[in-house]
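Colleague: I would like to go through this model feature by feature. Please give the general idea each time, then the case at hand.

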Amino acid sequence: MAKKQTWFFTDVNDENLQNLTDDHMINTKCGRSHSIRDLCCKMGVEINTFLTVSKSRWFCHFDDDNYVNIPKLVDVLNGYDPNGDWYLGKPSIKYKYPVYNKKTKTKTKLWFGTGGAGICISRPLVTKMKPFTIGDQFMRTCYAVINGDDVTVAYIAHLQNISLTVIDKFHSHFEKFKSFPRETIEDEVSFGYQNKNIIEIEGFDLKVDPTRFLSLHCILFPGVDFCSKMDWGPVQKYADENTTIS
């Protein structure tokens, strides 16, 4: 739904994925771990790619365990002036996060949008953040504040006197989806997945669709080809650890 605007950042070469994405897959040559070094390396490449390749008015990052409802994302972004300085996202903790810059010896507290829910930054703000992101500067900033990519993005925005604008329609794997209201699903922008934390919705068998994202996509966009070619069932729930799902 946004093929021309979407880029995939990974750490391997994959000719098949390169073809599927119309050459929009980038091997960052970063490591594969979940360390500050590797996460910040990838985010730095993402931001620099946006500034040098994309003409889009918004930079949006979503993790590889996110489902993103593109039309609803566009609706949300249309509610903000793209010529202004905007940093949109949703925090995963209920307090301002303390950040200490070991290089400047300064302390601050801020709200940061968790990467697991997704963040969006207007182009003017991304441009103002450039001194802290260009080349290897993003990684250097990460090391200075001893934090990962999402906290570092918030810190750099903070240096431009811009705070997080909370978007409640973004949802990360830190939220509990078991009791998520079914009637609002069509209005949400993103969902995360981790360790069987899933939306309990009707759809395909859990063996086929353990994240529920295929089922969610067919609920939102039933005209997609694969939706009519697979067996549909009632609300799917994960059983106890000792129970076999059939």
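Colleague: Into which domains is the protein divided?

Modeller: Domain bounds come from an automatic or database domain assignment. Here they give domain 1 (3-166) and domain 2 (173-222). Their centres, taken over C-alpha atoms, are separated by 24 Å. The contact between them (heavy atoms within 4.5 Å) takes 15 residues from domain 1 and 16 residues from domain 2. This is a predicted model, in which local features need pLDDT of at least 70 and side-chain atom pairs count only at pLDDT 80 or more, while totals for chains, interfaces and linings use all residues. Residues are numbered from 1 along each chain as its sequence is written, and side-chain values use heavy atoms, with hydrogens and water left out.

Colleague: Which feature does UniProt place at residues 2-212?

Modeller: UniProt positions are given in the numbering used here, with feature names shortened, and annotations may be inferred rather than shown by experiment. The unreviewed entry has "domain: Fringe-like glycosyltransferase" at residues 2-212. That span is 27% helix and 18% strand, and its end C-alpha atoms lie 21 Å apart. Helices (H or I, at least four residues) and strands (E, at least two) are DSSP runs, numbered from the N terminus.

Colleague: In what order do the 4 strands of the open sheet run?

Modeller: Strands of a sheet pair through backbone hydrogen bonds, either parallel or antiparallel. Two strands are taken to pair if DSSP finds at least two bridges between them. In this case the order is 3-8-5-9, with mixed pairing. Strand 3 (58-61) and strand 9 (165-166) are at the edges; each has a single partner strand, so one side of each lacks a neighbour in the sheet. Strand 5 (residues 87-89) pairs with strand 9 in the parallel sense over 2 bridges, and Gly 89 has Val 166 of strand 9 as its bridge partner.

Colleague: Which strands does helix 6 touch where it packs on the sheet?

Modeller: Axes are lines fitted to C-alpha atoms, for helices over the stretch in contact, and angles run from 0 to 180 degrees between N-to-C directions. Helix 6 touches strand 5 and strand 8 (119-122), and its direction makes about 145° with that of strand 5.

Colleague: Where does Asn 147 lie, and what does its side chain reach at 3.0 Å?

Modeller: Asn 147 is in the loop between helix 5 (137-145) and helix 6 (149-159). At 11% relative accessibility, Asn 147 counts as buried. A polar contact is a pair of N or O atoms within 3.5 Å; within protein, one must be able to donate a hydrogen and the other to accept it, and residues adjacent in sequence count only if both atoms are side-chain atoms. The side chain of Asn 147 makes such a contact with the side chain of Tyr 97 (3.0 Å), and reaches the backbone oxygen of Val 145 at 3.0 Å.

Colleague: Is Tyr 87 buried or exposed?

Modeller: Tyr 87, found in strand 5, is buried, with a relative accessible area of 1%. A polar atom of its side chain lies 2.9 Å from the backbone nitrogen of Gly 113.

Key:
Buried < 20%, exposed > 50% of the residue type's maximum accessible area, 1.4 Å probe, protein only.
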